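Please study the sequence and the structure before turning to the solutions.

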Amino acid sequence: MNNLPPYLSVPERIWHYAFWLICIAVLFFLIFPLLVIIPLSFNDVPYFTFTKKMLSFDPEGYSLKWYNEFFTSLNWQGAVRNSVFIAFFATIIATFLGTLASLGLSRPQMPYRTLIMSFLISPMIVPLIISAAGMFFFYSRIGLQGTHLGVILAHAALGTPFVVITVTATLTGFDNDLIRASQSLGATPTTTFFKVIVPLITPGVISGALFAFVTSFDEVVVVLFVGSYRQRTIPWQMFSGLREQISPTILSAATLLIMITIALLTTLELLRRRTERLRGVTPS
Amino acid sequence: MEKVQEKISLVTADGTPLKISLARAQRRSKTIAFMMVFPLLFFVTIAFIVPIADMLLFSIDNSIVKKILPKTTEALKDWSEYSGELPDEVVFAAMVEEIKSAKASRQHTKIGGRLNYESSGFSSLFRKAGRKVKKIKTPPFKEALIESDKRWGDIYTWQVIKQNSSEYTEGYYLSALDFKRKFESGKIESLPEKDSIYLKLFFRTLLISSLIVFLTLLIGFPLSYMLSIVSTRTSNILIIFVLLPFWTSLLVRTTSWIALLQQEGVINDFLIFLGIINEDGRLAMIHNATGTVIAMTHILLPFMILPLFSVMKTIPKSYVRAAISLGAHPWKAFWKIYFPNTSPGIGAGSILVFILAIGYYITPALVGGVSGTFISNRIAYHISNSLNWGLGSAIGVILLGIVLLFFVFYDRIVGINNMKLG
Amino acid sequence: MNNFMRSMIAAAVMITFGFVGQAMAKDLVVVSWGGAYTASQQNAYHAPYMKQNSGIKIINDDSAGTAVAKLRAMNKAGNVTWDLIDVVAADGMRLCDEGLVEVINHDKDLAAAPDGTSASKDFGGLIVSECFIPQIVYSTTFGYRTDKVSRPMTSICDVFDTKSFPGKRSLQKSPLGNMEWALICDGVAPDKIFDVLGTSKGAERALAKLDTIKSDVVWWTAGAQTPQLLADGEVVVGSTYNGRLFKMIAVDKQPVAMLWDWQIFDLDGWVVPKGTKNKAEVMKYLRFATDTQRLADQSKWISYGPARASSAPLVGKHATLGIDMAPHMPTDPNNAKTTLLTNYAFWADNKDDLDAKFNAWLLK
């Protein structure tokens, strides 16, 4: 009897179910706080609490006025415009410089690779408050504090580590024989680059660019210091909203951001599948 | 032997020895590789590294007194500050003259502001002096200045000025580590326990961060394990539960924890509904360390799960099965075989979470109250509120040092080249 | 990055997004606190001024909360993009000390009262700095939840009485105000407060009094927090700016009442940053925006007292609610039976020191 396979024993069975229960609880813990935001954004009163009317599903307890406020207020309109504008240019700079550097870093002859790599990803490691303070001091010295350009450069710097990491990761699995094959078949270096290298690194570049974009789009500490009211982004507006003028408009903005996040995640997942498909045909 | 080898060494078509040609080609490759990295290196240096270095400068810069009161500073060099006597007439004359000229460009109050960080009262001393000096026209300046405010007759006043008239100071670092310079003796003393701030905050930051690492590991481990044993299709879907919060704005998640944790918030209401607590027993889970720990555990959990999951994926299931088939109890097999194999993931996740946690600022500011604020909150306070930029920078540099120390650990354990995201 | 590249990128950015028109010479950037406060300024000052002067466009910049640090940075960079800043008096004095704002000749630069009284006499003792033009008198005072107390709160010491009034209270995370109140309730004569507080024994005494309620305090750092905490039922009583409580009570109809006892008066007003590119236009605007009628008009929108003596009789009804504003003013005789005025000279000297002590105490 004692020789029964363990997974059939009662404690094992209990453990098995307990384990799944724990996992479901953790998934719930991860996702629940995001779900809570959504009904609260349809709140009728200007506070972050579930009212009695809301809990009894009385339609009067719900309202779209915070969405209305979000779409009509000049503060929020400016914030959306600034967020997109700053994140767009920061992403372009970060992606271009990051991809170029990753191509260089992945060449087998690259000297001092580890040293340079740790240097390049330092913006991701240094606590944001320190980066923000340093940039605040230095950017004001050179006249970039309180300018769109200053915030774009700061965000680009914060975004580059993500591009470098994702693109070098794509290149780690890169088979150098492909280049040699292409060249031996008579392709010029330019042709090789566009026909062989570009298609292979594109998913890494796009995923890195997405990381850079979201870094800028979500970033609040650096923009609070390096930016000014004219550079207010959505997180800037949310932060001052949490401190100066509390209203559920923040929550409606948050709900919209969650929707955007889901859209971005779907894109990432599709890209990942594409990478796997491409990897599937490369000999290794 | 050597000569023979030299003779048979290979040459390329144009007659160059292959060795040299190869070295040249490699040098060229190296240059190309470096040229590709250079633009980013340059950009990161200017946009990021130089600002950090600038902050380093701020933390030791003390030029203001010397710049605005050059003659007084020079004259004070001849005065022995522990002699028990006031400086002589030359110093007072220089001071009166320089406050007069500083007053014209409103510089005298700047010195007052700077020295007030060292010792209370200097702000009003210099503001008042700015008003009074214009009446002091003829010597003796010493008596006249003391007449205008008797604090000019305290040796202490001059000791403070003299000890802050050098170009650089370690004073901000002393303050940031809860030390104080006794200007009367020039000795450095540590503050009594009841007045200490920064060491306590550094310690608390490290303590709460460690607790958060422990909690994320405790919660993240089973989930990562589950993700690694289910089919790829299932794990690809479930991983979205991890990535969605990862990508959702930090402010959004903090806001939602405010709604959840407050006294009349969702969790308290739910506990009352279940009858676990009554109306008067509502739990205080926000505006204290509990709030910080809960919210930050949630925010940083994905940073633990992702590296754990990527390591667990690669551990062959056959290891544990082999151990069990050899007679080990499943628990023992897990503990002796599986768990040690996950250590690179545990190491990577723990250090990543730890490094990120000790630099947190926004979440503790919004949900941390008093007992849940971090050292970063003090940095922000000194930069945007008290305007003591030197002290803020010094605290920042110390925090940076701690983070870099852990980063070196990270490099040793994981290697930065193996860093992966998602 | 050199200047050439910087300006090239800036130019490209501007052309792409058509930002060239944004910084026209006649735009005046006015920095203020946002929300209801900026709205009151918009209604009382900006809108009528722009109507009279079609060439001027006033742009509101809601970053007064961080204005001091930001102005210092702008000044260092030599690139001041603000034209007028709304600050509390203590910050106005600090900016003046640092030489970051213009010195004002109050009589020459500002309009006299309708009866001919000079501006400096009309503002009187409220001109606390030569760079500062007072605008409103506000007070930091308490509001409490009427439905959560057994009897109305009438004395500041009720805040310290956790037996009769159980529940959390919210106080500002700063020594200012709290230490004064603590000493009053510890039996120090109101006129001796700053003599006591200036000694290290006195500071300890104040902190010891605060110690008695420490475990019941939620500390706030921004003006909107106490109203939110009161509305959420997180606290029963809390300090904040009186205008915030007025909005809670009169506009949002929350079950909250005022506790005016020992309210602490403070001033808010204008400073002109050095380096503004529109100094002449700003001074012209200031003369208009700080005249007797305009200051009285602002109180139609928000319950802060006008800083000119000559404006007081002109205070009328709320512009949209139609209620009489005078009884809601902190300066109303019924509300101002016991008051303190912020001691600027004392806090300029002692803020850093007391703040360190206060924070060390918080950490204990």
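The model is predicted: local features need pLDDT of at least 70, side-chain atom pairs count only at pLDDT 80 or more, and totals for chains, interfaces and linings use all residues. Residues are numbered from 1 along each chain as its sequence is written, while chains are lettered from A and ligands numbered from 1 in the order in which they are written.

**Exercise 1. The overall form of chain B**

Task: Describe the secondary structure, the extent and the domains of chain B.

Solution. Step 1: Helices (H or I, at least four residues) and strands (E, at least two) are DSSP runs, numbered from the N terminus. On this basis chain B has 21 helices and two strands.

Step 1: The radius of gyration is taken over C-alpha atoms, and the globule rule is 2.2 Å times the number of residues to the power 0.38. For a compact globule of 422 residues the rule gives a value near 22 Å, whereas chain B has 32 Å. Along the principal axes, the C-alpha atoms of chain B fill a box of roughly 100 × 95 × 35 Å.

Step 2: Domain bounds come from an automatic or database domain assignment. In chain B, domain 1 covers 2–58, domain 2 covers 64–169 and domain 3 covers 198–418. Between the C-alpha centres of domain 1 and domain 3 of chain B there are 41 Å.

Step 3: A residue is buried if 20 or more other C-beta atoms lie within 10 Å of its own, exposed if 12 or fewer, and partly exposed in between, with C-beta atoms placed from the backbone. Of the 422 residues in chain B, 44% are buried.

**Exercise 2. Contacts between chains**

Task: Determine how many residues chain B and chain A bring to their contact, and how many chain C and chain B bring to theirs.

Solution. Step 1: Two residues are in contact if their C-beta atoms, placed from the backbone, lie within 7 Å. Chain B contributes 72 residues and chain A 77 residues to the contact of these two chains. On the side of chain B, helix H2 (residues 18–58) gives the most, with 20 residues.

Step 1: Ala, Val, Leu, Ile, Met, Phe, Trp, Tyr, Cys and Pro count as nonpolar, Asp, Glu, Lys and Arg as charged, and the others, Gly among them, as polar. The side of chain B that touches chain A has 52 nonpolar, 14 polar and six charged residues.

Step 2: Chain C places 27 residues in contact with 29 residues of chain B. On the chain C side, the elements that give two or more residues are helix H3 (67–77), strand S6 (217–220) and helix H14 (344–363). H14(C) supplies the largest share, 13 residues. By class, this side of chain C has 11 nonpolar, five polar and 11 charged residues.

**Exercise 3. The two domains of chain C**

Task: Locate the domains of chain C and describe their contact.

Step 1: The contact joins 11 residues of domain 1 of chain C to eight residues of domain 2 of chain C. Helix H4 (residues 89–97) of chain C gives the largest share of the domain 1 side, three residues. That side of domain 1 of chain C holds nine nonpolar, two polar and no charged residues.

**Exercise 4. A covered strand in chain C**

Task: Identify the strands that pair with strand S7 (residues 237–241) of chain C.

Solution. Step 1: Five of the five residues of S7(C) are buried.

Step 1: Two strands pair if DSSP finds at least two bridges between them. Strand S4 (residues 133–145) of chain C runs antiparallel to S7(C), joined by five bridges. Here Phe142(C) has Ser239(C) as its bridge partner.

Step 2: Strand S5 (residues 169–172) of chain C pairs with S7(C) in the parallel sense over two bridges. Arg169(C) stands opposite Val237(C).

**Exercise 5. The two sides of a helix in chain A**

Task: Which residues of helix H5 (residues 113–120) of chain A are buried, and which are exposed?

Solution. Step 1: Ile116(A), Met117(A) and Leu120(A) are buried in H5(A). They lie on the same side of H5(A) because they cover an arc of only 100° around the axis, the arc being that of the directions from the helix axis to the C-beta atoms.

Step 1: Thr114(A) and Leu115(A), on the other side of H5(A), are exposed.

Step 2: The buried residues of H5(A) pack against helix H4 (74–105) and helix H8 (148–172) of chain A, together with H2 of chain B.
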